Amino acid sequence: MIIIKSKREIELMREPCKVTAELLRDLEAYIVPGRTTMDISEFVDKRIASHGMTPTFKGYGGFPAAACVSVNEEVIHGIPTKARVLKEGDIVSIDVGATCKGYNSDAARTYGVGAISAEDQRLIDVTRESFFEGIKYAMEGYRIGDIGHAIQQYVESRGMGVVRDYTGHGTGTKLHEDPYIPNYGKPGKGARIERNMTLAIEPMVTLGTYEVRTLANDWTVVPLDGRRSAHYENTILVTDGEPEILTLLQEESNG
């Protein structure tokens with residue numbers, strides 16, 4: 001069932017979304033060669049707790065950490081460890097959420113570690129831009145398939161793959177709510193988009209195949225061809241005009 005949020009619920013969601021946006025901004029300076037993936041998760045955990053909030057992912061479905069930290073070819077659900085040390089030229093995707101007064105945020109970014117290759121920077125840029133292409137259709141009068149179609153067209157026209165086995169979703173009192181939002185599809189298909197929906201739109205893009213598999217830890221997802229991947233996600237609010245991006249600070253907007 002798709003949940004249309006009340007004005008009160010939207011205001012409650014703004015709090016964890018703002019904390020998440022600031023956290024993702026500050027991670028850019030924190031992520032440097034020599035950090036471990038566990039360092040990043042602990043940074044996330046402490047920052048969210050300092051606002052009196054709970055890391056949404058910690059314990060969710062049994063996930064053991066405050067953030068998913070996915071390095072290089074890892075698409076999503078990377079499990080942080082003290083043994084995984086970031087090095088120059090890596091790329092790392094951070095997926096986080098905060099829970100406050102029963103409401104959740106959900107957002108992700110991919111960062112370069114030190115100097116990265118032009119190919120990896122293009123991967124990160126295309127993934128981010130595909131999100132903005134998709135949310136052009138996150139407005140009343142369109143359907144969920146319009147969002148996925150726009151993302152797919154943008155990514156594939158640039159020679160990259162769009163992961164199909166995992167999707168965006170509604171979010172609110174539950175981290176994952178209806179509707180589920182594939183990053184591919186046909187225009188005019190799927191649920192109709194209505195004002196006051198809160199949606200997590202999250203393109204997951206690879207340099208090669210869209211086909212993926214899950215590692216033996218039962219969490220971490222990688223492409224079958226082992227090429228690098230990127231992830232970009234925000235929680236958005238459908239309004240009576242353009243969508244409002246709740247987990248993006250004004251200075252970081254697409255302009």
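Reader: What makes Asp90 and Lys87 a salt bridge?

Author: In this predicted model, the closest N and O atoms of Asp90 and Lys87 are 3.2 Å apart. The cut-off is 4 Å between a side-chain nitrogen of Lys or Arg and a carboxyl oxygen of Asp or Glu, so Asp90 and Lys87 form a salt bridge.

Reader: Why is Asp90 called buried?

Author: Asp90 has 2% relative accessibility. Buried means under 20%, so Asp90 counts as buried.

Reader: What makes the pair of Asp120 and Arg228 a tie between parts of the chain?

Author: The side chains of Asp120 and Arg228 meet in a salt bridge at 2.6 Å, N to O. Asp120 lies in helix 3 and Arg228 in the loop between strand 13 (221-223) and strand 14 (229-231), so the pair ties together parts that are 108 residues apart in sequence.

Reader: Are Asp120 and Arg228 buried or partly exposed, and why?

Author: The limit for buried is under 20% relative accessible area. Asp120, with 5%, is therefore buried. Arg228 has 22%, which lies between 20% and 50%, so Arg228 is partly exposed.

Reader: Why is Gly114 called partly exposed?

Author: Gly114 has a relative accessible area of 45%. Exposed requires over 50% and buried under 20%, so Gly114 is partly exposed. Gly114 sits in the loop between strand 6 (107-112) and helix 3 (118-134).

Reader: Which residues does Gly114 contact, leaving aside neighbours within four places in sequence?

Author: Gly114 is in contact with Pro33 and Glu88.

Notes: Residues numbered from 1 in each chain as written. Predicted model: local features only at pLDDT ≥ 70, side-chain atom pairs only at ≥ 80, totals over all residues. Heavy atoms only, no water. Helix = DSSP H or I, 4+ residues; strand = E, 2+ residues; numbered from the N terminus. Buried < 20%, exposed > 50% of the residue type's maximum accessible area, 1.4 Å probe, protein only. Contact = heavy atoms within 4.5 Å.
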